[in-house]
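Please keep the structure in view while reading.

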Amino acid sequence: MSYEPLVIAFLCFWCSYSGADLAGMSRMEYPANIRVIKVMCSSRVDPTHVLYALKNGADGVLISGCHPGDCHYVNGNYRTQRRAALLGEMLKQLGIEPERVRVEWVSASEGEKFARIVSDFVEELRKLGPNPLKKESVEV
Amino acid sequence: MEIRVGVYVCHCGTNIAGVVDVEEVARYAATLPGVVVARNIMYTCSDQGQGVIREDIKKYNLNRVVIAACSPKMHESTFRKTLESAGLNPYLLEVANIREQVSWVHFREKEKATEKAKALVRAAVAKARLLEPLEKKIVPVERSVLVIGGGIAGIQAALDLADAGLKVYLVEKSPSLGGHMAQLNKTFPTIDCAACILTPKMVDVAKHPNITLLTYSEVVRVEGYVGNFEVTVLRRARYVNEKLCAGCGACADACPRKVPNEFDVGLSKRKAIYVPFPQAVPLKYTVDPVNCLYMKYGRCKLCVEACPRGAIDFNQKDEEVKIRVGAIIVAVGFKTFDARRVPQLGYGKYKNVITGLELERLSSASGPTGGAILTSSGKKPESVAFIQCVGSRDLKYNGWCCKIGCMATLKQAFLIKEESPETEVYVCYIDMRTAGKGYEEFYRRLRDMGVRFIHGVPSEILEDVDGKLRFKVFDQTVGRLLELRVDMVVLQTGLEPTEDFEKLRKMLNVSLNSEGFFMEAHPKLQPVEASTRGVFFAGCCHSPKDIAETVAQASAAAAKALALLSKGVVEVEPLVASVNPEICSGCEVCVGVCPYKAIRLAEHEGRKRAKVVDALCQGCGACVAACPSNALELKGFTEKQILAQIKALISEVGT
C-alpha cells in the first residue's frame, strides 16, 4: 500500500477554521489526509501537542492562525510564531525534519489558500516519506 | 459517574450522505468506548432531529452528546439549546465537522471521506468523554451603541436605535452628515429628490436627545468585548467654535482662497473655510488647514475679522474622547472607482468624458450649473452615451457588480430625456440588471422614451477636432459594429472598499472578504453580524447596494444591536482559563502573556499565585501553552481533551 501522510492540523476558530469552512462552502478540493483540531487561538497550541502528535505517528502538523496583526486575541499569533521557531530548532536536535511542522496564516476569506496549503503540505510530506518515529510509536 | 455518549451523524439531506457513508459512520461510532447509542438522522438540526436527541438523552440517560454534521460555526448553539432543553448541561456537546471539512471538500473520494468522518467522530467522542459541565458567564452591558459613518446607513441605524431608547454615538469623518447620498440629485426608480428625503433625517439625528453626533471625528482605538467596548474617538479641530458658529457664511465670503469642492466632485470651487454643502448638518464652518493661508503662511485672518460672533479659533487642537458602548455598527460606505485607471475611456483627458457622480452633481439644482446638464463648452448636449460597468465585472479591475450602475444610468438618462426629449441617449451595457421593486418597469419606461440600448463594450474613445467624442461598439443584439459620435460620455463607475476598511478591520478584529468588503458571520443567516460579537455592518461597506437595501440593512443592524443590549446583560462563553494554585509557582509568565491583563497574582496559602479574572478572560489559551508547570487549564480545551483528540485522530482503534 502506498504511503498516505497523516496531517494533524490545529486551526484557530476565528480565521483559519473559518477559512477551512469557506473552502468547503466553495467546494474547493484538497487531500483527505488532514485531520483538524479546533482551538480558539493558535496560541493555545503547546509545542508538546506537536511533539505528542509526531510521537504517536502523525507525519506532519499544521498550525494555522490569523495573519500577523489580525489576531482575534490581540497578539496570540505572534506567540505562536515565536514558539514555532523554537520548536523547529528542537525538532532538528531530535532528528525530526522541521519541515514536518508548518505554521501558516489563513484568514476567514482565504478558503482557496487553505486548500492550497493542505495540498502543498501533503505533497511535501509524501516526498519526505513516513515520519521516522512511526515505527517506534507507542501502541495506542 | 459512568460516561454515556450519544452520537448523531447527520445526512444533511445529501450534503453529507451523498459523499459520506453515514450509516457506516454511525455503526462505527456505536463501537467506540462510552457510546451507548449512535444514529444517523436525515436533518439533525430539524425539530424532528433534535427531538430524537432529546428523547435519547432521557431514554438512555445520556450525559455526553456528539453530533457529526456541519461546521460548529453553523449549529453548535442550536445543539447546545437542544441539550439544555433536555436538562443536560449545554457544554457536554462536541461537534464533528463532517460537511464543510469533509463531504464538501472530498466529494470525489467517498471512501476516504467516510474514513475521515469516522476519525473525526472518534476524536469527538474521545474529547466528549472528558467534557465537563460549565456555567455560562453573565456580564452586564452598556446600553449604548457606536455607529461609525454618517451616510444614510449610519443615519438610519442611529435613528432606529435612538428611537428605541438606546444612547447612540454617531461618528462621521467629514464635517457633515450625508455621505454619498447627499451628493445625489434624484433617487431611482421613483425620481424622489434625494435631499428631500435625506436632509430631514440629518436634522432628526442632530436634534435627537439620545444621539451624540461627533462629526469631523474618527475612531482611533477600540478595546474590550461584546457589551463593554471602550472606544477612543479623535475629534479633529475645526478651528471654529461649534457653539458660537451660526453658519452665516460671512467667513467664507471673506476667505480669499478657492479650492476644488469635493462635494461637487471638483466641478465647483469652495473656500478654505467652508461647509461641504448648504444643507450640511451640523451647519458649522470648518477651516481646511491644508489650504488656509493663515495656517500655511501665518498671514490672512480675514475670516476672523469677518465673523460677527468671534467663532474662529486657530488655537483649537485635536482632542481624544473616550466612550463606552455595548455594540458597534460599522457603516463606512464606499468609494467610487477611479475611471483614470481605464485610460482608453479618456477620463481625465477629454473634458466631456465624465462620471455618473459628476452627472449627478450637474443635474442637481444645488450643483455647479444650477441643475443644467451642459458640456464643457456650456452647451446642452445633443447626444450622450453612457458606458456601464467601468471598473466593475472585470477581473483586471474589480470582479464584482456595482449593483447600482444600471439603475443609476436609467435614472440619469431619464433626467436628460425629461429635460430635453430630443437629446439622443445611448447606453452601452454588458448586462442590464434591474432586479428590484419597480426597477424593471422603470427600464421599460426608458426604452419607451427612446433611449437606445446597445449590448456591447465600447472600444477606445477618441476626441474629434470639433470636440465630439467618437468610439466603436459591437452591438451583439444586431451583430453589427456601430460607430458613435456624441457630445458627452458618462462613465458609470463601480464601487470599491476604502482605505479605512483595513484600519477598522484591525481595530474591530473583524474580517474582510477577498474583495475587501466587510465579511458577515454567515452569508445567509447572519448577514449583518460580524464574526466578532457585538459588531454589525450596514450599507455599502458590507457590499455594494442601493439606498433602499442600505436602509433595510441599517434597520436590521439596529434591530440586532437592540436585541443584544435590551436585556442589559449578555451571556458569554464560559470557556475561560483557570489556575491550579497547588501547581502554580507564581513565576508570572502567564501574566506577561495575557493580552487582556486577566491574570493577576493573588495570595494562596501565604504565597503569591496566579489567578484568572473570569470577567476579563477571553479564552484564547495563550497562557495555558506558556505555563512552564502546566498549572493553567482552559475550559473546553483542556490539555487532556486536546491530547485525547490527537491520539484518537492518529489511532485506528480509538482510546
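## A salt bridge between the chains

In this predicted model, A:Lys38 and B:Glu76 form a salt bridge, in which the closest N and O atoms are 3.6 Å apart. Across the interface of chain B and chain A, the rule finds five salt bridges.

## The interface as a whole

The contact between the two chains draws 55 residues from chain B and 50 residues from chain A. About 4,600 Å² of area is buried between chain B and chain A, and carbon and sulfur atoms give 59% of this area. Of the area that chain B buries against chain A, 13% is supplied by B:Lys73, B:Gln101 and B:Ile650, which is more than any other three residues supply.

## Two packed helices in chain B

Two packed helices are described by the angle between their axes and by the distance between those axes. In chain B, helix H12 (residues 405-419) and helix H13 (residues 439-448) pack at an angle of about 40°, and their axes lie 10 Å apart. H12(B) and H13(B) are therefore oblique to each other, and H12(B) passes H13(B) in a left-handed crossing.

On the side of H12(B), the contact is made by B:Met407, B:Leu410, B:Lys411, B:Ala413 and B:Phe414, while H13(B) contributes B:Tyr439, B:Phe442, B:Tyr443, B:Arg445 and B:Leu446.

Technical notes: Residues are numbered from 1 along each chain as its sequence is written. Chains are lettered from A and ligands numbered from 1 in the order in which they are written. This is a predicted model: local features need pLDDT of at least 70, side-chain atom pairs count only at pLDDT 80 or more; totals for chains, interfaces and linings use all residues. Side-chain values use heavy atoms; hydrogens and water are left out. Axes are lines fitted to C-alpha atoms, for helices over the stretch in contact, and angles run from 0 to 180 degrees between N-to-C directions. Helices (H or I, at least four residues) and strands (E, at least two) are DSSP runs, numbered from the N terminus. Angles under 35 degrees count as roughly parallel, over 145 as roughly antiparallel, 65 to 115 as roughly perpendicular and the rest as oblique. A crossing is left-handed if the near helix is turned anticlockwise from the far one by less than a right angle, and right-handed if clockwise. Contact means heavy atoms within 4.5 Å. Buried area is the accessible area (1.4 Å probe) that two parts lose on being put together, summed over both. A salt bridge is a side-chain nitrogen of Lys or Arg within 4 Å of a carboxyl oxygen of Asp or Glu.
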